[in-house]
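Visitor: Before we go through the labels attached to this model, could you show me the sequence and the structure themselves?

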Amino acid sequence: MRLQRIPHDPAGLIDFFQEGLESLGALAERSWHDRLELVAEGRAARLWNLDGALLETEIHFTAPETSGPRNAQTEVFPGCPLTFHLAEALRPACLQLERAVLQPDQNSRPPTSDAAERIWRSQMPGTIRWKLGAPPTPDWHFSLVALVRSEIQAIDQHWSLHRLAISLPDGTLDESLAGKLDFAQFGAEPIGGLAWPKLSPESLLQLLRSALGGALDGDLAVIRRRQENYLRREIERIDAYFESYERELNERMGRSRLESAKSKLMDRLKAAQTERESRRIDQVQRHEIRVIPHLDAVMIFAEPAWRAHVSYVRQGENCSQAALFVPRSRRWVFGSEKVGN
């Protein structure tokens, strides 16, 4: 799920700056509806002074329609560096893997056999002789939720913010969970605890890389087309120049009678071919697309589910499989063994 960019709002920004700077140890007080007086030292002052020396200043939060020159040290405006620096300063030095439990519905019931079979068939077409081995039992389904900023470096720089919800262990993107997480009601971990999945750093990175790649496919397709057009134009310009130059050298060699002159022209021709290839490689490197992700938060999300053992026939083969039915998304999660080492 791609999160929309928040419009520039001076009232909201002044609250963010006041609370954020105070959490960093500064003294902040509003002197006017759009101004914030500040006395800072140490961590808070490093937004202005790298050595963290004592600072006393006033910050002005300008309206978005204000025009004219801006002072990036004392004014907050759309795209202001101070906003980015404060957000970076507020991030924890060490990212922690958090846990959250969706509050169970006390009236939740397992799906009826007909509903469960219908959903199964929609996910696995061609299934026949579907049968539950036993009534579903309560269980838990886990998802990995991450907040990822993506910096795409191309001819133009692009930023995006995604909330990724990844079903475990199958790695499927759960857009429904990502979109509804703001309105989710969380509860306490049940008595006796939960068997939380254990994710190694390698498996965590693999899941996030795959999910982020899918989320950025649309943006990257547009950027890639632009880059290819620019690169094609530059390569054609280089080729046209060197083809003309090499043609001229070949014509001069054809007219020359001295072997020494022909040798010099041949050396210039080889040098031109080397330079041509070098410039082509340079343009390819200049038009590369680099994606730099920044992981801002990561959480394992637990929600109630129903575990069942199902037997069925597919493509003439008798199959038996354990799976989880997730009521929130009304889908089956296959291969529901715990993810870990």
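This is a predicted model: local features need pLDDT of at least 70, side-chain atom pairs count only at pLDDT 80 or more; totals for chains, interfaces and linings use all residues.

Visitor: Let us start with rings, then; why is the pair of Phe17 and Phe61 called edge-to-face?

Guide: The ring centres of Phe17 and Phe61 are 5.3 Å apart, and a pair requires centres within 6.5 Å. Their planes stand at 80°, whereas edge-to-face begins over 60 degrees, so the label edge-to-face applies to this pair. The search of the whole structure from which it comes finds 10 aromatic pairs.

Visitor: What makes the pair of Phe17 and Phe61 a tie between parts of the chain?

Guide: Phe17 belongs to helix α1 and Phe61 to strand β3 (residues 55-61), so the pair ties together parts that are 44 residues apart in sequence.

Visitor: How do you know whether Phe17 is buried or exposed, and what of Phe61?

Guide: Buried means under 20% relative accessible area; Phe17 has 0% and therefore counts as buried, and Phe61, at 2%, counts as buried as well.

Visitor: Why is the pair of Tyr241 and Phe242 called edge-to-face?

Guide: The centres of these two rings lie 5.1 Å apart and the planes of Tyr241 and Phe242 are at 90°, so this pair too is edge-to-face. As to accessibility, Tyr241 has a relative accessible area of 51% and is exposed, because that label is given over 50%, while Phe242, at 4% relative accessibility, counts as buried.

Visitor: Which residues form an aromatic cluster?

Guide: One such cluster is made up of Trp120, Trp130, Tyr312, Phe325, Trp332 and Phe334.

Visitor: What makes up the largest nonpolar core, and which of its residues touch the most other members?

Guide: That core has 24 residues, and those touching the most other members are Phe142, Leu144, Leu194, Trp196, Leu199 and Ala302. At least two residues each come from β7, β8, α5, α6 (217-255) and β10, with β7 giving the largest share, 6 residues. Apart from this core lies another, of 22 residues, among them Leu24, Ala28, Leu47 and Ile59. In soluble globular proteins, nonpolar side chains tend to be buried together.

Visitor: Which residues is Leu144 in contact with, leaving aside its neighbours within four places in sequence?

Guide: The contacts of Leu144 counted in that way include Leu97, Leu164, Leu199, Leu208, Val298 and Ile300.

Visitor: What volume does the largest pocket have, and which residues lie nearest its centre?

Guide: The volume of the largest pocket is about 1,300 Å³, and of the 29 residues that line this pocket, Arg5, Ile6, Thr83, Phe84 and Leu161 lie nearest its centre. Two or more lining residues are given by each of α1 (10-23), α2 (81-90), β7 (137-153) and β8 (157-167). By class, the lining of the largest pocket has 14 nonpolar, 8 polar and 7 charged residues.

Visitor: And what is the make-up of the lining of the second largest pocket, by class?

Guide: For the second largest pocket, with a volume of about 270 Å³, the lining has 9 nonpolar, 2 polar and 1 charged residues. The largest share of that lining, 5 residues, comes from α5.

How values were computed
Residues are numbered from 1 along each chain as its sequence is written. Side-chain values use heavy atoms; hydrogens and water are left out. On a 1 Å grid over the protein atoms alone, a cavity is a set of points where a 1.4 Å probe fits but cannot get out, and a pocket is an open set with protein on both sides within 12 Å along at least five of seven lines; lining residues have an atom within 4 Å of a point. Grid points are joined across faces, edges and corners, and a volume is the space filled by probe spheres set on the points. Helices (H or I, at least four residues) and strands (E, at least two) are DSSP runs, numbered from the N terminus. Ala, Val, Leu, Ile, Met, Phe, Trp, Tyr, Cys and Pro count as nonpolar, Asp, Glu, Lys and Arg as charged, and the others, Gly among them, as polar. A nonpolar core is a set of buried Ala, Val, Leu, Ile, Met, Phe, Trp, Tyr and Cys residues joined through side-chain atoms within 4.5 Å. Buried means under 20% relative accessible area, exposed over 50%, partly exposed in between (1.4 Å probe, protein chains only). Contact means heavy atoms within 4.5 Å. Rings of Phe, Tyr and Trp (its six-membered ring) pair if their centres lie within 6.5 Å; planes under 30 degrees apart count as stacked, over 60 as edge-to-face and the rest as tilted.
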